[in-house]
Amino acid sequence: MHKAKGIGSALMYDGAYAQEQYLSINLPGAVTNDLLVSAVSGYKIRVISYSISNQAVGAISTIFRRGSGGGTTISSTITLPINGNISEKDKNGLFETTAGSQLGVQHSGDVGVRITYILVN
């Protein structure tokens, strides 16, 4: 598993700046809720961009989730063919967790995930 984390530029959110953070990770196999970003007490994790690449030998589906265990779905199902890729970005946010919840991803095969997110309260 390869994982990279970092900090990018600051974004204006409700009159205050929020530090942009990113994560890039390769996840093997099929998993119900792989942890991407740990919960931060009192903060929501707002995803402002993502990129997903299928690294499996067949089509896969991916869903972003919040919370531990099976989690709660916070995105639509993203289906990718063999070698398929998808990216989406919205400076106002694509989806977010509830305050104090972790961000995870469900995937049905080997997948590469890159997200950019901010913490908001």
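Modeller: Two strands pair if DSSP finds at least two bridges between them; strands (E, at least two residues) are DSSP runs, numbered from the N terminus. This is a predicted model, in which local features need pLDDT of at least 70 and side-chain atom pairs count only at pLDDT 80 or more. Residues are numbered from 1 along each chain as its sequence is written, and side-chain values use heavy atoms, with hydrogens and water left out.

Biologist: What makes β4 and strand β8 (residues 85-89) a pair?

Modeller: DSSP pairing requires at least two bridges, and β4 and β8 have five, in the antiparallel sense. Within β8, Ile86 stands opposite Ile52.

Biologist: How do you know that β4 pairs with strand β9 (residues 95-96)?

Modeller: Two bridges, again antiparallel, join β4 and β9, and at least two is the requirement. Glu96 in β9 stands opposite Arg46.

Biologist: Why is strand β4 (residues 44-54) described as largely enclosed?

Modeller: Buried means under 20% relative accessible area (1.4 Å probe, protein chains only), exposed over 50%, and partly exposed in between. Nine of the 11 residues of β4 are buried, so the rest of the structure largely encloses this strand.

Biologist: Why is Ser87 called exposed?

Modeller: The relative accessible area of Ser87 is 56%, and the cut-off is over 50%; Ser87 is therefore exposed.

Biologist: What makes the link between the side chains of Ser87 and Ser51 a polar contact?

Modeller: The term denotes a pair of N or O atoms within 3.5 Å; within protein, one must be able to donate a hydrogen and the other to accept it, and residues adjacent in sequence count only if both atoms are side-chain atoms. The side chains of Ser87 and Ser51 are joined at 3.3 Å, which therefore qualifies as a polar contact.

Notes:
Helix = DSSP H or I, 4+ residues; strand = E, 2+ residues; numbered from the N terminus.
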